[in-house]
Amino acid sequence: MVFTLSDPGDQERENGGVSFRRERSQMVAALRRQGISDERVLAVMGRLPRQRFVAEPYRQLAYGDHPLPIEAGQTISQPYIVALMTEALSPQPQDRILEIGTGSGYQTAILAELAGEVYSVEREPQLTAAAKRHLRELRYDNVHFHLGDGTLGWRRFAPYDGIIATGSLPYPGRSLCGQLHDPGRMVLPLGNHQLQRLTLLQLRADCWSTERICYCSFLPLIGEEGWPEKEPENRA
Ligand code: SAH
């Protein structure tokens, strides 16, 4: 954990001198109304400069509760779902967390605040590069990036106390299940391309339990234990 900007407002007067402090506190108030209650999650989201993780034209929209486009045709997830997933994962200060789908790096930064070490895998080189840059600027030194197929996890540093996928999966793959520490928690959007159920899978004393949190709609994780690169053509 390293993100200790004493006054983020002062350091973020980019975008024509605008501080997003008010937008951030409105976002946190909205998250509370929507039922997010983990104070650690709310505190981190209340001070992390989300606008830095979106492209210039979208900065003013950064705190609205919707996804926004990032490079490579991907999206930064909406704040509510980020908060909900983080709350479900419940990362603790000593935990080692595996994240699949670095994307913008916003969720990565939240995990870096709450956990001990974060291992984040992304398949798009330009997204890894941008996320690395943003997290370096914010002075995180507990995040490790890997370019590759995250549906296979990141065997080198397994097992992980928590695993989170920020793209959809058809099923909980062997690799991810095999790389979870016992006890451990895994938060995955499981379903089809259109609709998934955000699912918390817990491993304790060799036993799995499953809790379905809500319906959600994520972009697909494309990989060996995820979705194929191209959908099979519909045949008449
Ligand atoms: N948490 C991110 C969400 C990004 S969207 C954010 O809020 O910014 C999902 C991400 O998963 C995309 O960046 C996409 O490129 C990535 N992805 C898709 N398939 C992947 C795979 N097999 N391994 C790792 N990342 C993958």
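**Entry 1: the pockets**

I began with the largest pocket of this predicted model, and I noted a volume of about 620 Å³ for the largest pocket. For a pocket I used this rule: on a 1 Å grid over the protein atoms alone, a pocket is an open set of points with protein on both sides within 12 Å along at least five of seven lines, while a cavity is a set of points where a 1.4 Å probe fits but cannot get out, and lining residues have an atom within 4 Å of a point. Grid points are joined across faces, edges and corners, and the volume is the space filled by probe spheres set on the points. Rolling a probe the size of a water molecule over the atoms shows where empty space is left.

Which residues lie nearest the centre of the largest pocket? I listed Thr75, Ser77, Thr166, Gly167 and Phe218, out of 39 lining residues. The elements that give two or more residues to this lining are strand 2 (75-76), helix 4 (79-89), strand 3, helix 5 (106-114), strand 4 (117-122) and strand 9 (207-216). Helices (H or I, at least four residues) and strands (E, at least two) are DSSP runs, numbered from the N terminus. Sorted by class, the lining of the largest pocket holds 18 nonpolar, 16 polar and five charged residues; here Ala, Val, Leu, Ile, Met, Phe, Trp, Tyr, Cys and Pro count as nonpolar, Asp, Glu, Lys and Arg as charged, and the others, Gly among them, as polar.

I then turned to the second largest pocket, whose volume is about 170 Å³. It is lined by 14 residues, with Phe53, Ala55, Glu71, Ala130 and His134 closest to its centre. Its lining has seven nonpolar, three polar and four charged residues.

I wrote down the ground rules: residues are numbered from 1 along each chain as its sequence is written, and side-chain values use heavy atoms, with hydrogens and water left out. Because the model is predicted, local features need pLDDT of at least 70 and side-chain atom pairs count only at pLDDT 80 or more, whereas totals for chains, interfaces and linings use all residues. The mean pLDDT of the chain, the predictor's confidence in each residue from 0 to 100, is 92, and 90% of the residues reach 70 or more. Over residues 1-10, however, the pLDDT is below 50, although this stretch has 26 contacts in the model beyond near neighbours in sequence; a contact means heavy atoms within 4.5 Å.

**Entry 2: the chain as a whole**

I counted seven helices and nine strands in the chain. Of its 236 residues, 48% are buried, where buried means under 20% relative accessible area, exposed over 50%, and partly exposed in between (1.4 Å probe, protein chains only). Among contacts between residues at least 6 apart in sequence, 55% join residues at least 24 apart.

**Entry 3: strand 6 and its partners**

Is strand 6 (residues 160-165) mostly covered or mostly uncovered? I found five of its six residues buried, and so noted it as mostly covered. Strand 6 pairs in the parallel sense with strand 3 (residues 96-100) over four bridges, and two strands are said to pair if DSSP finds at least two bridges between them. Strand 6 also runs parallel to strand 7 (residues 180-191), and four bridges join these two.

**Entry 4: cis peptide bonds**

I looked up two cis peptide bonds, one joining Ala158 and Pro159 with omega of about 5°, and one joining Asp182 and Pro183, also with omega of about 5°. Pro159 sits in the loop between strand 5 (143-147) and strand 6, whereas Pro183 lies in strand 7.

**Entry 5: helix 4 and positive phi**

Helix 4 is mostly covered, with nine of its 11 residues buried, among them Pro79, Ile81 and Val82. Just after helix 4, Ser90 takes a positive phi of about 50°, although it is not a glycine. Ser90 is in the loop between helix 4 and strand 3, and it counts as partly exposed because its relative accessibility is 22%.

Ala72 is not a glycine either, and has a positive phi of about 60°. It is found in the loop between strand 1 (68-69) and strand 2, and at 29% relative accessibility it counts as partly exposed.

**Entry 6: Ser120**

Why does Ser120 count as buried? Its relative accessibility is 0%, so it counts as buried. Ser120 is in strand 4, and leaving aside residues up to four places away in sequence, it touches Glu99, Thr102, Thr108, His144, Phe145, His146 and Trp154.
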